[in-house]
Amino acid sequence: MQLAPDHIELVCDEMQLVNEVLPQGARVLELGCGKGEKTRLIAQGGRAESILALEVDRVQHDRNMQVTDLPNVRFALGGAEDIPAEDASFDIVMMFKSLHHVPMEKMDRALQEIRRVLKPGGLAYLSEPIFAGAFNDILRLFHDEEEVRKAAFAAIRRAVETRQLSLVRQIFFQAPVRYQDFAQFERAVLKVTHTSHVLSPELYEEVRTRFERHVTPEGALFHAPMRVDLLRKDAE
């Protein structure tokens, strides 16, 4: 298994990869669903029978509970290290840039819980950002995630090495990330409710200046390097 390659050629929207691996009629568990953006796309894509979307941030969870137009989705409060679901109840578990948000001492437990709730033959789709690239260089000015991202990868590798889950394949790709302007970046990144970012005036100005270097008349476009570890729970 590889934390990150030297070069990534594939550039694509992540939903392209999701649709390639999502089984038809799947019972889906999404851990760390955030604002439910991927949840909505999966729900409306026609392949999922049902989705349980968990979030640990109570502020965002309360907002998610106001969603009324996704009849095949159930939002609930909960984390990956203690999944409120029965054994062998999902065809696929999905985490989009959220395993590294699990406390490091609970990451192994989270992988054990994922295995527990998967049906035999079920898949775990674990998508994590790679600590590289221009977008990451801006984020690390105020939120350096190198340690926790490495810890998340190490936990996944341990789960494979101990045969809790088997590796199907790794996928490396560049995800297009677009912002109309710095104001949109600030709303989407600096003012998230799950993490408190307190920037000094000097640091705020440095972040803004770094971001503005990438702004064109069409906005700012970044290509964020990503890794997907696709795992499977083998039949016992």
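Strand 4 (residues 90-96) and strand 5 run parallel and are joined by six bridges, two strands being taken as paired if DSSP finds at least two bridges between them. The chain passes from strand 4 through helix 4 (residues 107-117) to strand 5, and the resulting β-α-β crossover is right-handed, meaning that, with the strands pointing away from the viewer, the path from the first strand over the helix to the second runs clockwise. Helices (H or I, at least four residues) and strands (E, at least two) are DSSP runs, numbered from the N terminus. The structure is a predicted model, in which local features need pLDDT of at least 70 and side-chain atom pairs count only at pLDDT 80 or more, whereas totals for chains, interfaces and linings use all residues. Residues are numbered from 1 along each chain as its sequence is written, and side-chain values use heavy atoms, with hydrogens and water left out.

Strand 5 (residues 118-129) is mostly covered, with nine of its twelve residues buried, where buried means under 20% relative accessible area, exposed over 50% and partly exposed in between (1.4 Å probe, protein chains only).

In helix 4, the buried residues are M107, A110, L111, E113, I114 and V117. Viewed down the axis of helix 4, these buried residues fall within an arc of 160°, so they line one face of the helix; the arc is that of the directions from the helix axis to the C-beta atoms. The buried residues of helix 4 pack against strand 1 (26-31), strand 4, strand 5 and helix 6 (146-161), contact meaning heavy atoms within 4.5 Å.

A88 is found in the loop between strand 3 (73-77) and strand 4 and is partly exposed, with a relative accessible area of 34%. R163, by contrast, lies in the loop between helix 6 and strand 6 (166-179) and counts as exposed, at 74% relative accessibility.

The protein chain as a whole has eight helices and eight strands. Of its 236 residues, 47% count as buried, and residues 24 or more positions apart account for 76% of the contacts with a separation of 6 or more.
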